[in-house]
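Student: Could you walk me through this one? I'd like to start with the ligand and then look at the backbone.

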Amino acid sequence: MCLPKNMSKLELNYKELPPYDVLVAGGGSAGVAAAVSAARSGAKTVLIEKATFLGGMATGALVTPMMKNALDAKNTLTKGVFLEVCDRLVKAGGGATFNDGNPGWFNPEIYKWVLDEICSDAGVKIMFDNQIISCEVENKKVQKVFMFNKGGIFSISAKEFIDTTGDGDLIHLSGVSYEAKEKQAMSLRFMMSGVDLNEFASWLQKNDKSGDSPVYFLENGDILLSSAYTYEKSWTLKPFFDEALKKGDLTKEDAAYFQIFSVPGSPGFVAFNCPRITPENKALDPLNNDDTSWLLVHGRQMIKRISNFCKKYLPGFKKSYVSQIAPLIGVRESRRLIGQYILNAEDVLSGKKFDDAVANSNWPIDIHETARRRDGNGAMTGKPPHGDYYQIPLRSLLPKEDEIKNLIVAGRCLSATFEAQGSARIQANCWAMGEAAGMLAACRTK
Ligand SMILES: Cc1cc2nc3c(=O)[nH]c(=O)nc-3n(C[C@H](O)[C@H](O)[C@H](O)COP(=O)(O)OP(=O)(O)OC[C@H]3O[C@@H](n4cnc5c(N)ncnc54)[C@H](O)[C@@H]3O)c2cc1C
(Lines give C-alpha, C1' and ligand atoms only; values in the text may rest on other atoms or scores of the structure.)
Protein backbone atom coordinates (compact mmCIF):
# COMPACT_ATOMS: atom_id res chain seq x y z
CA MET A 1 0.00 0.00 0.00
CA CYS A 2 1.36 3.44 -0.95
CA LEU A 3 0.53 6.17 1.59
CA PRO A 4 0.85 9.91 0.90
CA LYS A 5 4.16 11.38 2.14
CA ASN A 6 2.60 13.48 4.91
CA MET A 7 1.14 10.27 6.44
CA SER A 8 4.62 9.73 7.94
CA LYS A 9 3.71 12.43 10.43
CA LEU A 10 1.21 9.97 11.88
CA GLU A 11 3.87 7.24 11.98
CA LEU A 12 6.07 9.56 14.05
CA ASN A 13 3.27 9.65 16.58
CA TYR A 14 3.07 5.89 16.92
CA LYS A 15 3.45 4.70 20.50
CA GLU A 16 3.09 1.35 22.23
CA LEU A 17 1.12 1.69 25.47
CA PRO A 18 1.51 -0.55 28.55
CA PRO A 19 -0.07 -4.04 28.26
CA TYR A 20 -3.29 -5.28 29.87
CA ASP A 21 -4.68 -8.67 30.81
CA VAL A 22 -7.98 -8.09 28.97
CA LEU A 23 -8.69 -5.61 26.20
CA VAL A 24 -12.37 -4.94 25.44
CA ALA A 25 -13.03 -3.41 22.01
CA GLY A 26 -16.20 -1.27 22.04
CA GLY A 27 -18.10 0.08 25.05
CA GLY A 28 -21.77 -0.63 24.27
CA SER A 29 -23.97 -2.75 26.56
CA ALA A 30 -21.95 -5.91 25.91
CA GLY A 31 -18.61 -4.09 26.17
CA VAL A 32 -19.37 -2.42 29.49
CA ALA A 33 -20.64 -5.72 30.91
CA ALA A 34 -17.51 -7.52 29.66
CA ALA A 35 -15.11 -4.90 31.01
CA VAL A 36 -16.82 -4.71 34.41
CA SER A 37 -16.95 -8.46 34.87
CA ALA A 38 -13.34 -8.96 33.69
CA ALA A 39 -12.10 -6.27 36.08
CA ARG A 40 -14.19 -7.63 38.95
CA SER A 41 -12.73 -11.07 38.26
CA GLY A 42 -9.28 -9.64 38.92
CA ALA A 43 -8.02 -8.87 35.39
CA LYS A 44 -6.27 -5.61 34.54
CA THR A 45 -8.81 -4.39 31.97
CA VAL A 46 -8.90 -1.66 29.35
CA LEU A 47 -12.03 -0.63 27.41
CA ILE A 48 -11.46 1.07 24.04
CA GLU A 49 -14.37 3.12 22.69
CA LYS A 50 -14.52 5.15 19.49
CA ALA A 51 -17.27 7.49 20.73
CA THR A 52 -16.99 9.97 23.59
CA PHE A 53 -19.40 8.05 25.81
CA LEU A 54 -20.29 4.48 26.73
CA GLY A 55 -23.53 2.69 25.86
CA GLY A 56 -23.25 2.32 22.07
CA MET A 57 -26.72 1.89 20.58
CA ALA A 58 -28.40 2.43 23.97
CA THR A 59 -27.03 5.95 24.44
CA GLY A 60 -25.57 6.98 21.08
CA ALA A 61 -28.45 5.71 18.96
CA LEU A 62 -31.01 6.62 21.67
CA VAL A 63 -32.35 3.06 21.90
CA THR A 64 -34.52 3.46 25.00
CA PRO A 65 -36.09 1.55 26.72
CA MET A 66 -34.50 -1.89 26.80
CA MET A 67 -37.03 -4.49 25.70
CA LYS A 68 -38.61 -6.73 28.30
CA ASN A 69 -36.91 -10.10 28.73
CA ALA A 70 -39.04 -11.89 31.31
CA LEU A 71 -41.52 -14.74 31.66
CA ASP A 72 -43.72 -12.72 34.00
CA ALA A 73 -43.79 -9.35 35.75
CA LYS A 74 -41.69 -10.57 38.69
CA ASN A 75 -38.98 -12.65 37.06
CA THR A 76 -36.64 -11.11 34.56
CA LEU A 77 -34.66 -13.65 32.55
CA THR A 78 -31.50 -11.52 32.76
CA LYS A 79 -29.91 -10.93 36.12
CA GLY A 80 -26.32 -10.08 37.18
CA VAL A 81 -24.73 -6.79 36.10
CA PHE A 82 -27.81 -6.00 34.00
CA LEU A 83 -30.01 -5.71 37.10
CA GLU A 84 -27.29 -3.79 38.92
CA VAL A 85 -27.21 -1.23 36.12
CA CYS A 86 -31.00 -0.90 36.13
CA ASP A 87 -30.81 -0.29 39.87
CA ARG A 88 -28.04 2.30 39.46
CA LEU A 89 -30.19 4.06 36.82
CA VAL A 90 -33.12 4.34 39.24
CA LYS A 91 -30.81 5.71 41.96
CA ALA A 92 -29.42 8.26 39.48
CA GLY A 93 -32.96 9.46 38.68
CA GLY A 94 -32.86 8.10 35.14
CA GLY A 95 -34.43 4.66 35.38
CA ALA A 96 -37.79 3.02 36.04
CA THR A 97 -39.65 -0.27 35.95
CA PHE A 98 -42.73 -0.45 33.74
CA ASN A 99 -45.95 -2.03 35.04
CA ASP A 100 -45.16 -5.23 33.09
CA GLY A 101 -42.07 -5.66 35.32
CA ASN A 102 -39.53 -4.49 32.73
CA PRO A 103 -36.77 -2.71 34.72
CA GLY A 104 -35.12 -1.38 31.56
CA TRP A 105 -36.70 2.07 31.09
CA PHE A 106 -33.98 4.73 31.11
CA ASN A 107 -32.82 8.21 30.18
CA PRO A 108 -29.91 7.78 27.70
CA GLU A 109 -28.01 10.88 28.91
CA ILE A 110 -28.07 9.81 32.56
CA TYR A 111 -27.15 6.30 31.39
CA LYS A 112 -23.86 7.71 30.06
CA TRP A 113 -22.58 8.72 33.51
CA VAL A 114 -24.04 5.61 35.17
CA LEU A 115 -21.91 3.52 32.78
CA ASP A 116 -18.82 5.68 33.44
CA GLU A 117 -19.38 5.08 37.15
CA ILE A 118 -19.86 1.32 37.03
CA CYS A 119 -16.68 0.95 34.95
CA SER A 120 -14.64 3.30 37.13
CA ASP A 121 -15.87 1.60 40.32
CA ALA A 122 -14.76 -1.77 38.91
CA GLY A 123 -11.30 -0.36 38.09
CA VAL A 124 -11.69 -0.46 34.28
CA LYS A 125 -9.38 1.88 32.34
CA ILE A 126 -11.63 3.64 29.80
CA MET A 127 -10.11 5.08 26.62
CA PHE A 128 -12.64 7.22 24.73
CA ASP A 129 -12.31 8.67 21.27
CA ASN A 130 -10.16 5.76 20.08
CA GLN A 131 -11.05 3.76 17.01
CA ILE A 132 -9.46 0.33 16.65
CA ILE A 133 -8.11 0.15 13.11
CA SER A 134 -5.84 -2.88 13.01
CA CYS A 135 -4.47 -5.79 14.98
CA GLU A 136 -1.44 -8.06 14.98
CA VAL A 137 -2.02 -11.82 14.99
CA GLU A 138 0.68 -14.42 15.71
CA ASN A 139 0.37 -18.13 16.56
CA LYS A 140 -3.43 -17.94 16.28
CA LYS A 141 -3.52 -15.27 18.98
CA VAL A 142 -4.22 -11.56 18.76
CA GLN A 143 -1.06 -9.94 20.12
CA LYS A 144 -2.04 -6.28 20.07
CA VAL A 145 -4.57 -3.87 18.62
CA PHE A 146 -3.82 -0.55 16.97
CA MET A 147 -6.04 2.44 17.49
CA PHE A 148 -6.23 5.94 16.22
CA ASN A 149 -6.95 9.19 18.02
CA LYS A 150 -6.00 12.86 17.65
CA GLY A 151 -2.61 12.11 19.19
CA GLY A 152 -1.67 9.54 16.52
CA ILE A 153 -1.63 5.76 16.38
CA PHE A 154 -1.22 3.67 19.52
CA SER A 155 -1.03 -0.04 20.20
CA ILE A 156 -1.91 -2.07 23.27
CA SER A 157 -1.14 -5.72 23.80
CA ALA A 158 -3.19 -8.02 26.01
CA LYS A 159 -3.55 -11.67 26.94
CA GLU A 160 -7.26 -11.80 26.02
CA PHE A 161 -9.38 -9.71 23.64
CA ILE A 162 -13.14 -9.25 23.57
CA ASP A 163 -14.90 -7.95 20.45
CA THR A 164 -17.95 -5.97 21.54
CA THR A 165 -17.84 -3.47 18.68
CA GLY A 166 -21.33 -4.50 17.53
CA ASP A 167 -20.00 -4.44 13.97
CA GLY A 168 -17.47 -7.19 14.70
CA ASP A 169 -14.48 -5.00 13.77
CA LEU A 170 -12.00 -7.17 15.64
CA ILE A 171 -13.49 -10.35 14.18
CA HIS A 172 -12.86 -8.82 10.75
CA LEU A 173 -9.40 -7.41 11.52
CA SER A 174 -8.12 -10.65 13.07
CA GLY A 175 -9.28 -12.76 10.12
CA VAL A 176 -11.92 -14.78 11.99
CA SER A 177 -14.87 -16.17 9.96
CA TYR A 178 -17.97 -14.04 9.85
CA GLU A 179 -21.19 -13.45 7.91
CA ALA A 180 -22.40 -10.04 6.75
CA LYS A 181 -24.62 -10.66 3.74
CA GLU A 182 -28.06 -10.05 5.21
CA LYS A 183 -28.71 -6.98 7.31
CA GLN A 184 -31.73 -5.48 9.01
CA ALA A 185 -32.98 -1.97 8.32
CA MET A 186 -31.22 0.90 10.09
CA SER A 187 -32.96 3.74 11.93
CA LEU A 188 -32.02 7.26 12.98
CA ARG A 189 -33.72 7.85 16.30
CA PHE A 190 -34.52 11.21 17.89
CA MET A 191 -36.11 12.88 20.91
CA MET A 192 -38.69 15.61 21.31
CA SER A 193 -39.11 17.79 24.41
CA GLY A 194 -41.85 20.19 25.48
CA VAL A 195 -44.55 17.51 25.08
CA ASP A 196 -47.57 17.78 27.37
CA LEU A 197 -47.33 14.13 28.42
CA ASN A 198 -50.37 14.35 30.66
CA GLU A 199 -52.53 15.48 27.74
CA PHE A 200 -51.10 12.83 25.40
CA ALA A 201 -51.32 10.03 28.01
CA SER A 202 -54.91 10.91 28.90
CA TRP A 203 -55.84 10.98 25.20
CA LEU A 204 -54.25 7.57 24.65
CA GLN A 205 -55.98 6.08 27.69
CA LYS A 206 -59.34 7.32 26.50
CA ASN A 207 -58.97 6.35 22.85
CA ASP A 208 -56.79 3.25 22.74
CA LYS A 209 -58.99 0.23 22.18
CA SER A 210 -56.25 -1.98 20.71
CA GLY A 211 -53.95 -2.23 23.75
CA ASP A 212 -51.06 -0.99 21.61
CA SER A 213 -50.55 2.12 23.70
CA PRO A 214 -50.04 1.22 27.37
CA VAL A 215 -49.89 4.12 29.83
CA TYR A 216 -48.54 3.86 33.37
CA PHE A 217 -48.66 6.65 35.95
CA LEU A 218 -45.84 6.26 38.51
CA GLU A 219 -46.12 7.36 42.15
CA ASN A 220 -43.29 9.89 41.67
CA GLY A 221 -45.33 11.71 39.01
CA ASP A 222 -43.56 10.19 36.00
CA ILE A 223 -45.72 8.96 33.15
CA LEU A 224 -44.43 5.91 31.27
CA LEU A 225 -46.14 5.24 27.97
CA SER A 226 -45.48 3.70 24.62
CA SER A 227 -47.27 3.49 21.33
CA ALA A 228 -46.25 1.57 18.25
CA TYR A 229 -47.36 1.33 14.68
CA THR A 230 -46.60 -0.28 11.37
CA TYR A 231 -48.32 1.18 8.37
CA GLU A 232 -50.61 -1.72 7.60
CA LYS A 233 -51.92 -2.01 11.15
CA SER A 234 -55.08 -0.46 12.50
CA TRP A 235 -54.32 1.43 15.73
CA THR A 236 -55.27 4.42 17.82
CA LEU A 237 -53.19 7.01 15.97
CA LYS A 238 -53.90 5.68 12.44
CA PRO A 239 -56.42 8.38 11.48
CA PHE A 240 -53.75 11.07 12.06
CA PHE A 241 -51.32 9.21 9.81
CA ASP A 242 -53.92 8.66 7.10
CA GLU A 243 -54.71 12.36 7.03
CA ALA A 244 -51.04 13.40 7.01
CA LEU A 245 -50.34 11.01 4.14
CA LYS A 246 -53.30 12.38 2.20
CA LYS A 247 -52.13 15.97 2.73
CA GLY A 248 -48.51 15.17 1.85
CA ASP A 249 -47.20 15.99 5.36
CA LEU A 250 -45.66 12.52 5.55
CA THR A 251 -44.26 10.16 2.93
CA LYS A 252 -45.08 6.45 2.91
CA GLU A 253 -41.56 5.69 4.15
CA ASP A 254 -42.01 8.17 7.07
CA ALA A 255 -45.28 6.53 8.05
CA ALA A 256 -44.22 2.91 7.59
CA TYR A 257 -42.99 2.47 11.15
CA PHE A 258 -43.63 4.69 14.16
CA GLN A 259 -42.90 4.00 17.81
CA ILE A 260 -42.67 6.36 20.78
CA PHE A 261 -41.75 5.98 24.43
CA SER A 262 -41.69 8.43 27.31
CA VAL A 263 -38.47 8.65 29.31
CA PRO A 264 -38.25 8.22 33.10
CA GLY A 265 -37.26 11.27 35.14
CA SER A 266 -37.73 13.46 32.07
CA PRO A 267 -41.13 15.20 32.02
CA GLY A 268 -42.17 16.34 28.56
CA PHE A 269 -39.61 14.08 26.87
CA VAL A 270 -40.49 11.55 24.16
CA ALA A 271 -38.07 9.08 22.50
CA PHE A 272 -38.84 7.96 18.95
CA ASN A 273 -37.89 4.52 17.61
CA CYS A 274 -38.01 5.94 14.10
CA PRO A 275 -37.55 6.92 11.36
CA ARG A 276 -36.71 3.50 10.00
CA ILE A 277 -34.80 4.06 6.79
CA THR A 278 -36.14 1.76 4.09
CA PRO A 279 -35.91 3.56 0.74
CA GLU A 280 -37.43 1.78 -2.24
CA ASN A 281 -34.85 0.11 -4.49
CA LYS A 282 -31.88 0.94 -2.27
CA ALA A 283 -30.26 -1.60 0.04
CA LEU A 284 -28.21 0.18 2.69
CA ASP A 285 -25.12 -1.32 4.30
CA PRO A 286 -23.95 -0.06 7.72
CA LEU A 287 -20.37 -0.94 6.72
CA ASN A 288 -20.46 1.24 3.60
CA ASN A 289 -19.65 4.91 4.19
CA ASP A 290 -21.49 6.12 1.08
CA ASP A 291 -24.64 4.43 2.38
CA THR A 292 -24.35 5.69 5.96
CA SER A 293 -23.60 9.26 4.80
CA TRP A 294 -26.65 9.17 2.52
CA LEU A 295 -28.75 7.71 5.34
CA LEU A 296 -27.85 10.52 7.76
CA VAL A 297 -28.98 13.25 5.34
CA HIS A 298 -32.10 11.35 4.32
CA GLY A 299 -32.92 10.39 7.93
CA ARG A 300 -32.73 13.96 9.17
CA GLN A 301 -35.19 15.02 6.45
CA MET A 302 -37.53 12.27 7.66
CA ILE A 303 -37.15 13.54 11.25
CA LYS A 304 -38.04 17.05 10.03
CA ARG A 305 -41.32 15.77 8.56
CA ILE A 306 -42.17 13.38 11.42
CA SER A 307 -41.56 16.02 14.13
CA ASN A 308 -43.66 18.59 12.23
CA PHE A 309 -46.38 15.96 11.88
CA CYS A 310 -46.34 15.34 15.65
CA LYS A 311 -46.63 19.07 16.40
CA LYS A 312 -49.48 19.47 13.94
CA TYR A 313 -51.53 16.34 14.58
CA LEU A 314 -50.85 14.69 17.94
CA PRO A 315 -52.57 15.72 21.19
CA GLY A 316 -50.09 17.33 23.62
CA PHE A 317 -47.38 17.99 21.00
CA LYS A 318 -48.30 21.59 20.08
CA LYS A 319 -45.31 23.15 21.95
CA SER A 320 -42.92 20.27 21.37
CA TYR A 321 -39.56 20.55 19.61
CA VAL A 322 -36.74 18.28 18.47
CA SER A 323 -34.24 18.21 21.33
CA GLN A 324 -31.85 15.52 20.11
CA ILE A 325 -31.03 13.56 16.98
CA ALA A 326 -29.02 10.42 17.70
CA PRO A 327 -25.29 10.96 17.18
CA LEU A 328 -24.95 7.32 16.07
CA ILE A 329 -26.98 5.53 13.39
CA GLY A 330 -29.19 2.80 14.82
CA VAL A 331 -27.55 -0.32 13.40
CA ARG A 332 -29.48 -3.47 14.25
CA GLU A 333 -27.05 -5.80 12.59
CA SER A 334 -23.86 -5.88 10.55
CA ARG A 335 -21.16 -8.57 10.91
CA ARG A 336 -22.00 -11.81 12.71
CA LEU A 337 -19.32 -14.22 13.94
CA ILE A 338 -19.33 -17.72 12.47
CA GLY A 339 -18.29 -19.38 15.69
CA GLN A 340 -18.25 -22.76 17.41
CA TYR A 341 -22.07 -22.76 17.45
CA ILE A 342 -24.38 -20.74 15.21
CA LEU A 343 -27.59 -20.00 17.11
CA ASN A 344 -30.53 -20.53 14.73
CA ALA A 345 -34.23 -19.73 14.42
CA GLU A 346 -35.24 -23.26 15.44
CA ASP A 347 -33.30 -22.84 18.72
CA VAL A 348 -35.22 -19.63 19.43
CA LEU A 349 -38.63 -20.98 18.42
CA SER A 350 -38.26 -24.31 20.27
CA GLY A 351 -36.88 -22.79 23.48
CA LYS A 352 -33.60 -24.73 23.15
CA LYS A 353 -31.43 -25.09 26.28
CA PHE A 354 -27.64 -25.59 26.32
CA ASP A 355 -25.17 -26.97 28.89
CA ASP A 356 -22.93 -23.96 28.30
CA ALA A 357 -25.73 -21.33 28.43
CA VAL A 358 -24.75 -17.70 29.09
CA ALA A 359 -28.11 -15.97 28.50
CA ASN A 360 -31.83 -16.75 28.77
CA SER A 361 -34.29 -14.98 26.50
CA ASN A 362 -37.87 -15.12 25.33
CA TRP A 363 -37.66 -12.11 23.01
CA PRO A 364 -39.25 -12.91 19.62
CA ILE A 365 -37.47 -12.93 16.27
CA ASP A 366 -37.79 -9.23 15.58
CA ILE A 367 -36.82 -8.40 12.01
CA HIS A 368 -37.04 -4.96 10.47
CA GLU A 369 -36.91 -5.64 6.77
CA THR A 370 -34.90 -3.53 4.35
CA ALA A 371 -36.52 -2.52 1.05
CA ARG A 372 -34.52 -5.24 -0.69
CA ARG A 373 -35.69 -7.97 1.63
CA ARG A 374 -39.12 -6.70 2.58
CA ASP A 375 -41.76 -9.41 2.53
CA GLY A 376 -44.25 -8.07 5.04
CA ASN A 377 -44.60 -5.20 7.45
CA GLY A 378 -41.34 -5.85 9.27
CA ALA A 379 -43.19 -7.40 12.19
CA MET A 380 -41.97 -10.20 14.42
CA THR A 381 -41.61 -13.60 12.84
CA GLY A 382 -42.10 -16.06 15.67
CA LYS A 383 -41.30 -16.42 19.33
CA PRO A 384 -40.26 -19.04 21.87
CA PRO A 385 -43.10 -21.26 23.18
CA HIS A 386 -45.44 -19.51 25.60
CA GLY A 387 -44.03 -19.56 29.15
CA ASP A 388 -40.65 -20.78 27.91
CA TYR A 389 -37.34 -19.28 26.79
CA TYR A 390 -34.26 -20.22 24.78
CA GLN A 391 -30.62 -19.93 25.75
CA ILE A 392 -27.50 -18.54 24.08
CA PRO A 393 -24.53 -20.92 24.46
CA LEU A 394 -21.00 -19.76 25.24
CA ARG A 395 -19.91 -21.44 21.98
CA SER A 396 -21.83 -18.71 20.11
CA LEU A 397 -19.29 -16.25 21.54
CA LEU A 398 -16.21 -18.22 20.53
CA PRO A 399 -14.44 -18.31 17.14
CA LYS A 400 -13.98 -21.75 15.61
CA GLU A 401 -11.36 -23.83 17.43
CA ASP A 402 -8.80 -23.65 14.59
CA GLU A 403 -9.06 -19.85 14.40
CA ILE A 404 -8.07 -17.22 16.99
CA LYS A 405 -7.60 -18.68 20.50
CA ASN A 406 -7.72 -15.55 22.67
CA LEU A 407 -10.73 -13.72 21.20
CA ILE A 408 -14.26 -13.75 22.63
CA VAL A 409 -17.20 -12.04 20.94
CA ALA A 410 -20.29 -10.64 22.67
CA GLY A 411 -23.33 -8.56 21.80
CA ARG A 412 -25.12 -8.15 18.52
CA CYS A 413 -22.18 -9.58 16.52
CA LEU A 414 -22.54 -13.01 18.17
CA SER A 415 -22.54 -16.22 16.16
CA ALA A 416 -26.18 -16.51 15.06
CA THR A 417 -28.18 -16.76 11.87
CA PHE A 418 -29.90 -13.64 10.53
CA GLU A 419 -33.20 -14.72 12.15
CA ALA A 420 -31.77 -15.75 15.52
CA GLN A 421 -29.76 -12.51 15.78
CA GLY A 422 -33.10 -10.73 15.33
CA SER A 423 -34.00 -12.05 18.79
CA ALA A 424 -30.63 -12.33 20.55
CA ARG A 425 -29.65 -8.69 19.84
CA ILE A 426 -31.78 -7.05 22.57
CA GLN A 427 -29.89 -5.13 25.24
CA ALA A 428 -30.60 -7.50 28.13
CA ASN A 429 -29.02 -10.36 26.14
CA CYS A 430 -26.02 -8.18 25.22
CA TRP A 431 -25.49 -7.51 28.95
CA ALA A 432 -25.63 -11.23 29.75
CA MET A 433 -23.28 -12.19 26.90
CA GLY A 434 -20.83 -9.44 27.87
CA GLU A 435 -20.79 -10.48 31.50
CA ALA A 436 -19.98 -14.08 30.59
CA ALA A 437 -17.32 -13.01 28.08
CA GLY A 438 -15.57 -10.84 30.67
CA MET A 439 -15.56 -13.62 33.24
CA LEU A 440 -14.15 -16.16 30.79
CA ALA A 441 -11.48 -13.76 29.53
CA ALA A 442 -10.32 -12.98 33.07
CA CYS A 443 -10.31 -16.68 33.94
CA ARG A 444 -8.16 -17.51 30.88
CA THR A 445 -5.51 -14.95 31.90
CA LYS A 446 -4.76 -16.83 35.13
C1 LIG B 1 -33.06 1.23 15.94
C2 LIG B 1 -32.85 0.18 16.96
C3 LIG B 1 -33.88 -0.15 17.82
C4 LIG B 1 -33.69 -1.12 18.79
N5 LIG B 1 -34.66 -1.36 19.70
C6 LIG B 1 -34.36 -2.06 20.81
C7 LIG B 1 -35.21 -2.03 21.92
O8 LIG B 1 -36.26 -1.41 21.86
N9 LIG B 1 -34.84 -2.70 23.04
C10 LIG B 1 -33.67 -3.43 23.11
O11 LIG B 1 -33.38 -4.02 24.15
N12 LIG B 1 -32.85 -3.48 22.05
C13 LIG B 1 -33.15 -2.78 20.94
N14 LIG B 1 -32.27 -2.75 19.90
C15 LIG B 1 -31.09 -3.61 19.93
C16 LIG B 1 -30.00 -3.15 20.90
O17 LIG B 1 -30.10 -1.78 21.19
C18 LIG B 1 -28.61 -3.45 20.35
O19 LIG B 1 -28.56 -4.69 19.70
C20 LIG B 1 -27.61 -3.47 21.50
O21 LIG B 1 -27.67 -2.25 22.20
C22 LIG B 1 -26.23 -3.74 20.94
O23 LIG B 1 -25.29 -3.68 21.97
P24 LIG B 1 -23.79 -4.07 21.67
O25 LIG B 1 -23.04 -3.80 22.93
O26 LIG B 1 -23.71 -5.42 21.08
O27 LIG B 1 -23.32 -3.09 20.50
P28 LIG B 1 -23.34 -1.51 20.41
O29 LIG B 1 -24.32 -0.93 21.33
O30 LIG B 1 -23.43 -1.21 18.96
O31 LIG B 1 -21.90 -1.10 20.95
C32 LIG B 1 -20.73 -1.20 20.18
C33 LIG B 1 -19.74 -0.17 20.68
O34 LIG B 1 -18.49 -0.36 20.04
C35 LIG B 1 -17.98 0.88 19.59
N36 LIG B 1 -17.11 0.59 18.45
C37 LIG B 1 -17.49 0.11 17.23
N38 LIG B 1 -16.43 -0.06 16.44
C39 LIG B 1 -15.35 0.30 17.17
C40 LIG B 1 -13.95 0.34 16.89
N41 LIG B 1 -13.45 -0.07 15.72
N42 LIG B 1 -13.11 0.81 17.86
C43 LIG B 1 -13.61 1.22 19.07
N44 LIG B 1 -14.92 1.20 19.38
C45 LIG B 1 -15.78 0.74 18.44
C46 LIG B 1 -19.22 1.69 19.25
O47 LIG B 1 -18.97 3.08 19.27
C48 LIG B 1 -20.18 1.26 20.36
O49 LIG B 1 -20.07 2.06 21.51
C50 LIG B 1 -32.44 -1.80 18.88
C51 LIG B 1 -31.41 -1.47 18.01
C52 LIG B 1 -31.61 -0.49 17.07
C53 LIG B 1 -30.47 -0.13 16.18
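Predicted model: local features only at pLDDT ≥ 70, side-chain atom pairs only at ≥ 80, totals over all residues.

Student: OK, how many residues surround the ligand, and which are the closest?

Tutor: The ligand is surrounded by 34 residues, and the closest are E49, M57, D169, R412 and R425. By type, the shell around the ligand divides into 11 nonpolar, 16 polar and 7 charged residues.

Student: And which backbone atoms lie by an oxygen or nitrogen atom of the ligand?

Tutor: A backbone N or O atom of R412 lies 2.9 Å from an oxygen atom of the ligand, and a backbone N or O atom of A30 lies 3.0 Å from an oxygen atom of the ligand. For I132, a backbone N or O atom lies 3.0 Å from a nitrogen atom of the ligand.

Student: How much of the ligand's accessible area does the protein cover?

Tutor: On its own the ligand has 1,000 Å² of accessible area, and the protein covers 97% of that. The elements that give two or more residues to the shell are α2 (29–40), β7 (131–138) and α13 (427–444).

Student: Where does the ligand lie relative to the domains?

Tutor: It lies between domain 1 (15–183 + 333–444) and domain 2 (186–325), because both of them give residues to the shell around the ligand. The centres of domain 1 and domain 2, taken over C-alpha atoms, are separated by 27 Å, and 31 residues of domain 1 are in contact with 31 residues of domain 2.

Student: Which residues other than glycine have a positive phi?

Tutor: D129 has a positive phi of about 60°, and K140 has a positive phi near 60°. D129 is in the loop between β6 (125–127) and β7, whereas K140 is in the loop between β7 and β8 (141–149).

Student: Buried or exposed, or something in between, for D129 and K140?

Tutor: D129 counts as partly exposed because its relative accessibility is 45%, and K140 is partly exposed as well, with a relative accessible area of 43%.

Key: Residues numbered from 1 in each chain as written. Heavy atoms only, no water. Near = heavy atom within 4 Å. Polar contact = N/O pair within 3.5 Å; in protein donor to acceptor, adjacent residues only side chain to side chain. Areas by Shrake-Rupley, 256 points an atom, 1.4 Å probe, with all protein chains shown as cover. Helix = DSSP H or I, 4+ residues; strand = E, 2+ residues; numbered from the N terminus. Nonpolar A, V, L, I, M, F, W, Y, C, P; charged D, E, K, R; others polar. Domains from an automatic or database assignment. Contact = heavy atoms within 4.5 Å. Buried < 20%, exposed > 50% of the residue type's maximum accessible area, 1.4 Å probe, protein only.
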